[in-house]
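I opened the notebook to record confidence, backbone angles and pockets, in that order. The entries below follow the model as displayed.

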Amino acid sequence: VVSPRYASLYFCCAIEGQDNELITLELIHRYVELLDKYFGSVCELDIIFNFEKAYFILDEFVMGGEIQDTSKKSVLKAIEQADLLQEVGTPQKIQGGPS
Amino acid sequence: MPAPIRLRELIRTIRTARTQAEEREMIQKECAAIRSSFREEDNTYRCRNVAKLLYMHMLGYPAHFGQLECLKLIASQKFTDKRIGYLGAMLLLDERQDVHLLMTNCIKNDLNHSTQYVQGLALCTLGCMGSSEMCRDLAGEVEKLLKTSNSYLRKKAALCAVHVIRKVPELMEMFLPATKNLLNEKNHGVLHTSVVLLTEMCERSPDMLAHFRKVSLVPQLVRILKNLIMSGYSPEHDVSGISDPFLQVRILRLLRILGRNDDDSSEAMNDILAQVATNTETSKNVGNAILYETVLTIMDIKSESGLRVLAINILGRFLLNNDKNIRYVALTSLLKTVQTDHNAVQRHRSTIVDCLKDLDVSIKRRAMELSFALVNGNNVRGMMKELLYFLDSCEPEFKADCASGIFLAAEKYAPSKRWHIDTIMRVLTTAGSYVRDDAVPNLIQLITNSVEMHAYTVQRLYKAILGDYSQQPLVQVASWCIGEYGDLLVSGQCEEEEPIQVTEDEVLDILESVLISNMSASVTRGYALTAIMKLSTRFTCTVNRIKKVVSIYGSSIDVELQQRAVEYNALFKKYDHMRPALLERMPVMEKVTTNGPAEIVQTNGETETAVLETKPPPSGLQPANQANDLLDLLGGTDITPVIPTAPTSKPAFAGGELLDLLGDLNLTGSPVSAPAPQIAQPPFLLDGLTTQPLFNDIAAGIPSITAYNKNGLKIDFTFERSNTNPSVTVITIQASNSTELDMTDFVFQAAVPKTFQLQLLSPSSSVIPAFNSGTITQVIKVLNPQKQQLRMRIKLTYNHKGSAMQDLAEVNNFPPQSWQ
């Protein structure tokens, strides 16, 4: 189990025996960076109140345990485009704290 | 019915709850509202309700009633609905629920949707939680998407294919054609996922592996990797100055699989591996991640030795890194390679030993294991010093393993007897209570074998328990030694160090304290009592005191002690004439191991060219019951010559060629004299320490011989060699009798030259029936580490036609295959 800590948040990632632990650290870091870019200086509350968004971002980055795209730009663009498809009247991306 | 509350609202409300009960109440209330909303088939708010349900599910509350609703959301036309619906499916559903199959049709439709993000959702869901049935149904669609030019979809389809293959390996073939062009892509996402797909295929199927080697996959990968390293800064994929490390690592891993056991592929990737190993920036974790993967690859393929040394040196550098993750990773890898590249790892020994002082527990453990693997004859003194220091200061959970490891290493590589004993003493005194129980008999045997050190040993042990007799293994060994060598202790002879003045009473004092102490375990008390008893023959002035102590324990509550005391009492009263003989010095015990310094010290003082080992015939050697129990307590040595009732079959030959070395030492089945070191060790420490070589793997085809054929008695030898231990030969003898009368009380004895070791197992019987109507079989195991020509002298005794017969013979016609 690879478990880096970012301020008050712990991320846990279970890997197999033959997997490279160090690159997993990088993977988690990349995910945090994605969250950071998306929410703008992400904090714990962002993730709590927008958990489904966190999932959507994760699903764009990793699938079935493997990385889909190694380009930060590409992943973020896909999320933004998908967000645009969301119909009006449904919760959009929250800026800053909870609304 | 008012509109259901918004998701954020719910989250905020739940977070205000101050107790578990309050939270539960809120959740239950909301669940009820959601359930009624579901019942009303409300389309507008279904999405919101399911989202809330997912939140509550994350908190740990049941949410199964939302499963069907997810399916309805997936079927909806709205993107928002689908997004939440698929997420819900991934969180709430898995293949154990029958409901999930209903998704298949929806996914199929969505895989062909006009919007790529919907297609993406479908691929994602299938690729994360698709069951085998779903995969089978939809594999075709995935394969189609694998060939599309849309890189967004292509990368997802590749990973979806990986999942399909994991679930249904037979479908692997159908994805093969699509893989042809995958690596020609520029898009890193597609490249990365394609490498993952290829890796999965190669790992699962040797045919695929062979195929990809043939189609020159390795040069292609090498080229891509080279471009990554050489190309300039690319902001999109850069991580701390390194270009797309994720892709690099995946390519390295695929190269590892391709190069494993394949010379050509390994050669093709040699250069690039060297390049990556030397050029990668190591200041940040990301560079080290790549180096780590590179090292793993180098060690796994058929790389040239220069490259391997480079890899181990990288690991050595990792050990000096401040980041303890990197140190941990290095130690784990070094552990794996220490067997194969021992010399290269030895160079980093001092760094590894330094890691013993690390603060982190996992690092310490691995450093310890690695240190034990690195101990050899040259460095044993230095290493032991470090390891003993470690034993002193390490956490309790390590002490047992460390102690056992030290014992093993000391046994293998001890430069001198004195050093060995000192080391053992040190372990016993620092970690005495953590030493494993089965180490005690081993130690006792070791001490017995070092004849010249007896005085020194007993003196040191005595001093050790004077201060503190709480550590059980230490006390046990010490009691045993004091019992055996107490006379040396009080006589004050000691060559190795300043002899101490000890009186008999003082010795008895300490043994009695052990007996009385609350800290002593029952076993320890047994040792102490027996030791006191033995001293009755070695001490001169205190026999009465000993008698008193022994009789006190005749009414002990502890049954074991009571039995011993009663028997010892009997020994004083009724069998006093036997006492000296029964309690005399233990003979040297022979250890049957296939490794290590096997010395057979001959206590009788005569050095002969042959070593005799016999096994008394199974019948007729039962001494009086009481004395027998005593013998068990003394360690199972059947001292049959002493007991007049038993017929001895091995009189000592004064000056004769056959030396009755070990008396009737019962070498199999007795707990003390045949200590099988079955200590649970980390696997690699068990190398070469099997006392029972495995004979399941037999080298066939060694011709058998007739070793003896005279007077109607014929003895044949058949041979087996063990594949696991080439120094061991198993000889099965078969004795047959062609005369008209039976041969009874048959005893077979054998002697071999000094460089060999012999072990005789029990014969099948002692009667050879007449007219060749039956045989006696007996197994002999011969250890021949120097691969010398096997020679054997045999002695046969038996009764035939009313008279005792006896013959000596030499066997010289051993076939070369039996000993070469």
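Predicted model: local features only at pLDDT ≥ 70, side-chain atom pairs only at ≥ 80, totals over all residues.

Residues are numbered from 1 along each chain as its sequence is written, chains are lettered from A and ligands numbered from 1 in the order in which they are written, and side-chain values use heavy atoms, with hydrogens and water left out.

Confidence. I recorded ipTM 0.86 and pTM 0.64 for the model. Chain B averages a pLDDT of 78, and 85% of its residues score at least 70. Helices (H or I, at least four residues) and strands (E, at least two) are DSSP runs, numbered from the N terminus.

Backbone. Most residues other than glycine have a negative phi. I looked up B:Asp244, whose phi is positive at about 40 degrees; B:Asp244 sits in the loop between strand 2 (242–243) and helix 14 (245–259) of chain B. B:Asp244 is buried, with a relative accessible area of 0%. B:Asn261 also has a positive phi, near 60 degrees, and is exposed at 64%. Buried means under 20% relative accessible area, exposed over 50%, and partly exposed in between (1.4 Å probe, protein chains only).

Pockets. A pocket is an open set of points on a 1 Å grid over the protein atoms alone, where a 1.4 Å probe fits, with protein on both sides within 12 Å along at least five of seven lines; lining residues have an atom within 4 Å of a point. I recorded about 1200 Å³ for the largest pocket. Its lining has 50 residues, and A:Cys13, A:Leu27, A:Leu58, A:Val62 and A:Gly65 are the closest to its centre. The second largest pocket has a volume of about 730 Å³, and helix 18 of chain B gives the most to its lining, with eight residues. A volume is the space filled by probe spheres set on the points, which are joined across faces, edges and corners.

Key
pLDDT = per-residue confidence, 0-100.
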